[in-house]
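Please keep the sequence and the coordinates in view while reading.

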Amino acid sequence: MNVVIQRLRTTGHAVYLDDFGAGAAAFQYLRALEVDVVKIDGLYVREALQSQTGKPFLKAMAGLCRDLGVDVVAEMVEDESVVSFLLECGIQFGQGNLFGEPSLDFDPK
């Protein structure tokens with residue numbers, strides 16, 4: 001699998017590992033596959049906001065990715081308080097309704 005991913009990367013395609021944190025195998029995938037970006041699952045982010053252990057785990061995930069040279073995107077960024085929390089965890093990219101509502105009106109022009 002990693003051979004295919006590396007071919008994609010050499011042709012200029014960025015490779016994302018989506019829904020990171022959602023499954024038990026997330027760290028195994030990160031170890032086995034060389035990717036450009038990890039997207040932390042939105043439910044994981046939401047749970048981290050409500051848990052005392054959430055922030056240390058997100059910090060550790062972000063630190064590991066940084067050490068591996070992998071960018072991190074957090075999903076479900078709904079308001080500025082989530083942005084502040086994620087920045088404190090070392091996560092600098094976000095995706096969510098704060099940046100734009102989903103739309104069925106897609107014009108690729």
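Helix α4 (residues 54–68) packs with helix α5 (residues 80–88) at an angle of about 60 degrees, the two axes being 9 Å apart. Because of this angle, α4 is oblique to α5; angles under 35 degrees count as roughly parallel, over 145 as roughly antiparallel, 65 to 115 as roughly perpendicular, and the rest as oblique. Axes here are lines fitted to C-alpha atoms, for helices over the stretch in contact, and angles run from 0 to 180 degrees between N-to-C directions. Helices (H or I, at least four residues) and strands (E, at least two) are DSSP runs numbered from the N terminus. On the α4 side the contact (heavy atoms within 4.5 Å) involves K55, L58 and K59, and on the α5 side F85, L86 and E88. Three of these residues are nonpolar, none is polar and three are charged. In this scheme Ala, Val, Leu, Ile, Met, Phe, Trp, Tyr, Cys and Pro are nonpolar, Asp, Glu, Lys and Arg are charged, and the others, Gly among them, are polar.

The model is predicted: local features need pLDDT of at least 70 and side-chain atom pairs pLDDT 80 or more, while totals for chains, interfaces and linings use all residues. Residues are numbered from 1 along each chain as its sequence is written, and side-chain values use heavy atoms, leaving out hydrogens and water.

Which residues have the most contacts inside the largest nonpolar core? They are V35, V38, I40, L58, L86 and I91, in a core of 25 residues. Such a core is a set of buried Ala, Val, Leu, Ile, Met, Phe, Trp, Tyr and Cys residues joined through side-chain atoms within 4.5 Å. Buried means under 20% relative accessible area, exposed over 50%, and partly exposed in between (1.4 Å probe, protein chains only). At least two core residues each come from β1 (16–20), α2 (26–32), β2 (37–40), α3 (42–49), α4, β3 (71–74) and α5. Helix α4 gives the largest share, four residues.

Leaving aside residues up to four places away in sequence, L58 touches I40, Y44, A48, F85, L86, C89 and I91. Y44 belongs to helix α3, and with the same exclusion its contacts are G21, F57, L58 and M61.

Two residues have a backbone angle worth checking. D19, in strand β1, is not a glycine, yet its phi is positive, about 60 degrees. M76, in the loop between β3 and α5, is likewise not a glycine and has a positive phi of about 65 degrees. D19 counts as partly exposed because its relative accessibility is 36%; M76, at 28%, also counts as partly exposed.
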